[in-house]
Amino acid sequence: MNKSEGKIIIFAAPSGSGKSIMIKHLLENKLNLDFSVSATSREARGQEKDGIDYHFLSPEAFKKKISDGEFLESEEVYKDQFYGTLKSEVDNILSKGKNLVLDVDVVGACNIKKIYAEKALSIFIKAPSIDELRKRLELRGTESPEKIEKRINKASSELTYAPLFDVIIHNDKLEVAQNEALQTVTKFLEL
């Protein structure tokens, strides 16, 4: 990366921790931030739109892009349910001198941090408890009880990655957590 390129802020957390709300809050502030739209092979939920919320791909198309080396990172989170960060998306945003926000799986976050080192800040968002995660996922109303159980089971392993992140933000009270995220990211971008 050269000096004219932006920095990367990487968010990861178990589903229901509030990372999407944190990212939205950051994007609403004047930090020269752009959001990198991840790719996934899962089906769209609720009002999600292709190219805005995710680049929705079939599992076969996703696997082809993996074999073609088009991803900075990718992960098969559940059977035939892939998530990944397209290199072209990241390169395009950074080359414009904008700072980049990523919302990725914990493994992907650790991999991207290794690649970009001091040009990247990794932030783990932690909910108060597994019970609170379950409640938040149920309140969303976008997933079946079976899918919620899968996410809760995955959350336990995801929480073990928290110590590998530069910053852990506890999302007990949303406004407090959003302010902490804003202060942390602002400080990092000023370095």
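I take buried to mean under 20% relative accessible area, with exposed over 50% and partly exposed in between (1.4 Å probe, protein chains only).

**Entry 1: ground rules.** I am reading a predicted model, in which local features need pLDDT of at least 70 and side-chain atom pairs count only at pLDDT 80 or more, while totals for chains, interfaces and linings use all residues. Residues are numbered from 1 along each chain as its sequence is written, and side-chain values use heavy atoms, with hydrogens and water left out.

**Entry 2: aromatic pairs.** I looked up ring pairs, where Phe, Tyr or Trp rings (for Trp, the six-membered one) have centres within 6.5 Å; planes under 30 degrees apart are stacked, over 60 edge-to-face, and the rest tilted. I found five such pairs in the structure. One of them is the stacked pair of Phe62 and Phe71, at 4.5 Å centre to centre with 15° between the planes. Phe62 and Phe71 are both buried.

Next I turned to Phe124 and Phe165, whose ring centres are 5.3 Å apart and whose planes meet at 65°, so I noted this pair as edge-to-face. Phe124 sits in strand 8 (residues 120-126) and Phe165 in the loop between helix 6 (145-159) and strand 9 (167-170), so the pair links parts of the chain 41 residues apart. Helices here are DSSP runs of H or I with at least four residues, strands are runs of E with at least two, and both are numbered from the N terminus. Phe124 and Phe165 are both buried as well.

I also saw that ring pairs join Tyr54, Phe56 and Tyr83 into a cluster.

**Entry 3: the largest pocket.** A pocket is an open set of points on a 1 Å grid over the protein atoms alone, where a 1.4 Å probe fits, with protein on both sides within 12 Å along at least five of seven lines; lining residues have an atom within 4 Å of a point. The largest one has a volume of about 1,100 Å³. I noted 43 lining residues, with Ser20, Arg45, Tyr54, Asp103 and Arg140 nearest the centre. Helix 1 gives the largest share of this lining, six residues.

**Entry 4: the second largest pocket.** Here I read about 220 Å³ of space, a volume being the space filled by probe spheres set on the points, which are joined across faces, edges and corners. Its lining includes Arg42, Arg45, Tyr78 and Lys150. Which helix supplies the largest share of this lining? I found that helix 6 does, with three residues.
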